[in-house]
Amino acid sequence: MSSDASKKYGLETMSIHTGSGPCPETGARTIPIHQTTAYVFNDAEHGADLFALRDTGYVYSRLTNPTCSALEEKLAALDGGSGATCAASGHGAQLLVLSALMSPGDHIVSSCKLYGGSANQFATIFPDMFGWESTTFNPDNAREAKAAITPKTKAIFAESLSNPEGIVADIEGLAAVAREAGIPLIIDNTMATPYLCKPLEHGANAVTYSTTKFMSGHGNAMGGAVIDGGNFDWLAHADKFPRLAQPGKNYDGIIFAKSFGNAALAIHNHAIGLRDLGGQQQPFNAYLTFVGLETLAVRMQKHCENALIVAHYLERHKKVDWVSYAGLESSPHHKNAKKYMNGHGGAVFTFALKSGFNACKKLATDLELFSQLANIGETRSLILHPASTTHSQLDEDARTKAGVADDVLRISVGIETVEDLLNDLECVLKTI
Ligand code: PLP
């Protein structure tokens, strides 16, 4: 099914059918893994046209690959975007989208509640390596984002649902601020997925994913993606975005926004971003994610149902100090969860144990069904004690600011039988 045809279908239908159809030659029903590096040209002219972007087609798998294209078609359809670009990982997707927008000395306004790895990317690696500076803001406070904008700011970046605290961004407020400043709003929708939230419908201009998480769901394929919202007028802000809206040094001085209209960002991400920075997704990973996406809706529904039950259980438990889950009506973030996520809080959240650091380590270690590891969004339940693992190199003050003080655990609730999860938690909590 083409992405145009899929516009009339619901998310569940698109997640199964878009990007896949029976192979016209063999009748094979699911998509093949195109494990190839390069593609034969019809003749020299054809090769020249492909290289110059005068014709569309496959040249070399660093830029495009049919299995990755099938995934990109599905991803773009699920979010309602004009195109998508797969990357090797979520971090790769973040680098990819910013590389189209930013130059040395430019600035980005980014949420102070980003996943730790992203926070580090923005705070240390991007400025050190590329000269991309950033200022942080509270994602549920658009006024803070506005105050942080400078003449050098090229984008606002936030997670729709933050990892790990589950704070829901004020996407519409941020979109209004971005619009007024003439810059795009980029939303990392990894924790919510398009099942819970479609940021483009709320005014965002691009969406990034770590497809490593809920999108693939099984925890066996690294991947990332950038969705082009197709709704930002690059030409109207050509002075700010020369790579998209001014003649470039490549492809005979092509102006992406003129030649490719509302898919300018997606095409640039392939033709320049992947071509020149590498970081493309492997076709086998694209295949695994493509297949995983077919069950996105049923998985996310069950993730959210289980997470709410587990959050309620923990909230009432005498050994638990607090639970931060936007799906709970008592959460200060529930209002935004209702506006942007249908009232759901996703499946990842934090909670604190009254008895502190060692008790957290014990709970994370002794649980039988919860794997103690540094991932989220798998079918199986996962748990992590950030203070002794991912955030152990930060001092206590920095950990507390990041929402992962010593007594805090992060949980990613899977889609197992929920009574089994509650029993597992109860058995260990009894011993603490
Ligand atoms: N964004 C969020 C919200 C994440 O949780 C992660 C990883 O945990 C990333 C981005 C980075 O993704 P990846 O690990 O696929 O590079």
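The legends below describe close-up views of a predicted model. Local features are given only where pLDDT is at least 70 and side-chain atom pairs only at pLDDT 80 or more, while totals for chains, interfaces and linings use all residues. Residues are numbered from 1 along each chain as its sequence is written, and side-chain values use heavy atoms, with hydrogens and water left out.

**Figure 1. The two domains of the protein chain.** Domain 1 covers 3–101 + 184–292, and domain 2 covers 297–429. These bounds come from an automatic or database domain assignment. The centres of the two domains, taken over C-alpha atoms, are 32 Å apart.

**Figure 2. The interface of domain 1 and domain 2.** Contact (heavy atoms within 4.5 Å) joins 18 residues of domain 1 to 20 residues of domain 2. The two domains bury about 1600 Å² between them, and 64% of this lies on carbon and sulfur atoms. Buried area is the accessible area (1.4 Å probe) that two parts lose on being put together, summed over both. Of the area that domain 1 buries against domain 2, 44% comes from Tyr195, Leu196 and Phe214, more than from any other three residues.

**Figure 3. Polar pairs and helices at the interface.** Between the domains, 7 residue pairs are in polar contact, both residues being at pLDDT 80 or more. A polar contact is a pair of N or O atoms within 3.5 Å; within protein, one must be able to donate a hydrogen and the other to accept it, and residues adjacent in sequence count only if both atoms are side-chain atoms. On the side of domain 1 that touches domain 2, helix 1 (11–17) and helix 8 (193–196) each supply at least two residues. Helix 8 gives the most, with 3 residues. Helices (H or I, at least four residues) and strands (E, at least two) are DSSP runs, numbered from the N terminus.

Figure 4. A polar side-chain atom of Asp188 lies 2.6 Å from a ligand nitrogen atom. For oxygen atoms of the ligand, the distance is 2.7 Å from a polar side-chain atom of Thr212 and 2.9 Å from one of Lys213.

**Figure 5. Two backbone details in loops.** Most residues other than glycine have a negative phi, and most peptide bonds are trans. The peptide bond from Asn163 to Pro164 is cis, with omega near 10 degrees. Pro164 sits in the loop between strand 4 (153–159) and helix 7 (171–181). Asp252 has a positive phi, near 55 degrees, and lies in the loop between helix 9 (242–245) and helix 10 (256–259).
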